[in-house]
Amino acid sequence: MREQTRFVITTAILLTAIVSVVLCNAKTTNAQGNMSTASGANMTKGNMTAAGAAKNMTTEGSGYGIDDIGCNAMEQAAFHIHAHLDIFINGVHFIVPSEIGITGACFYWLHTHDESGIIHIEAPMLRDFTLGQFFDIWNKKFSNGQIFRYVANVNNPLEVYVNGTQQSSKINDRDIKLHAHDEIAIVYGTPPSTIPKSYTFAEGL
Ligand SMILES: [Cu+2]
């Protein structure tokens with residue numbers, strides 16, 4: 001009887017695994033299909049490498065990268081804008097690192113190339129991208145109540161400014177959309193003497 005039970009459980013687990021793999025493959029195919037439909041001339045199925053797809057699948061548990069953001073072997077040019085991020089922790093400027101979203105195998109559609117704070121948004125289709133998605137690709141905590149390990153409280157508020165305008169506490173800061181040449185400042189605790197209102201991007205960015 002026990003042997004039988006064990007056999008039944010093992011069979012069930014195997015079947016679940018097989019079904020998961022099949023569904024997972026279907027999802028990838030589907031995502032690629034959608035991508036090519038939505039794409040312009042710059043986007044081909046070939047840009048989504050098998051290695052990238054497989055990596056995303058295993059590491060993120062979805063067929064399509066982090067937060068539904070793809071990671072391609074080549075940088076994408078169909079939609080290419082830049083926003084700038086400043087982070088202040090108790091008045092101290094926190095350097096946003098280089099190479100966020102660049103894995104060595106692929107480029108996420110949101111990434112950084114240097115420590116300037118410039119977020120490159122380079123995607124195969126016109127789409128909204130958010131601040132929360134950038135933090136997810138960075139793999140750092142960010143919400144209305146926390147940035148990194150810094151939790152907001154009465155003495156240490158967490159505020160977000162877009163082009164110098166403080167965002168309402170009623171919105172979810174993670175949902176703030178990244179527009180071309182936006183200057184986003186995240187301020188935790190004691191604010192800096194001035195909140196940046198704009199950023200001067202190099203020509204061509
Ligand atoms: Cu760029």
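Predicted model: local features only at pLDDT ≥ 70, side-chain atom pairs only at ≥ 80, totals over all residues.
Start with strand β6, residues 118-123. This strand is mostly covered, with 5 of its 6 residues buried. β6 pairs with strand β2, residues 79-89. The two run antiparallel and are joined by 6 bridges. One place to look is H82, whose bridge partner in β6 is H120.

Strand β5, residues 110-111, also pairs with β6. Here the sense is antiparallel and there are 2 bridges. L110 stands opposite I121 of β6. β5 and β6 make a hairpin with 6 residues between the strands. In that hairpin, G117 takes a positive phi near 90°.

Move on to the open sheet of 3 strands, ordered β7-β8-β9. Its pairing is antiparallel. β7 (142-143) and β9 (150-151) each have a single partner strand, so they stand at the edges and one side of each lacks a neighbour in the sheet. β7 and β8, residues 146-147, are linked by 2 bridges in the antiparallel sense. Within this pairing, S143 has Q146 of β8 as its bridge partner.

Which residues does N156 touch beyond its neighbours within four places in sequence? N156 is in contact with Y188 and G189. N156 and Y188 are 32 residues apart in sequence, yet their C-alpha atoms are 6.4 Å apart in space.

Definitions and conventions. Residues numbered from 1 in each chain as written. Pairing = 2+ DSSP bridges. Helix = DSSP H or I, 4+ residues; strand = E, 2+ residues; numbered from the N terminus. Contact = placed C-beta atoms within 7 Å. Buried ≥ 20, exposed ≤ 12 C-beta atoms within 10 Å, placed from the backbone.
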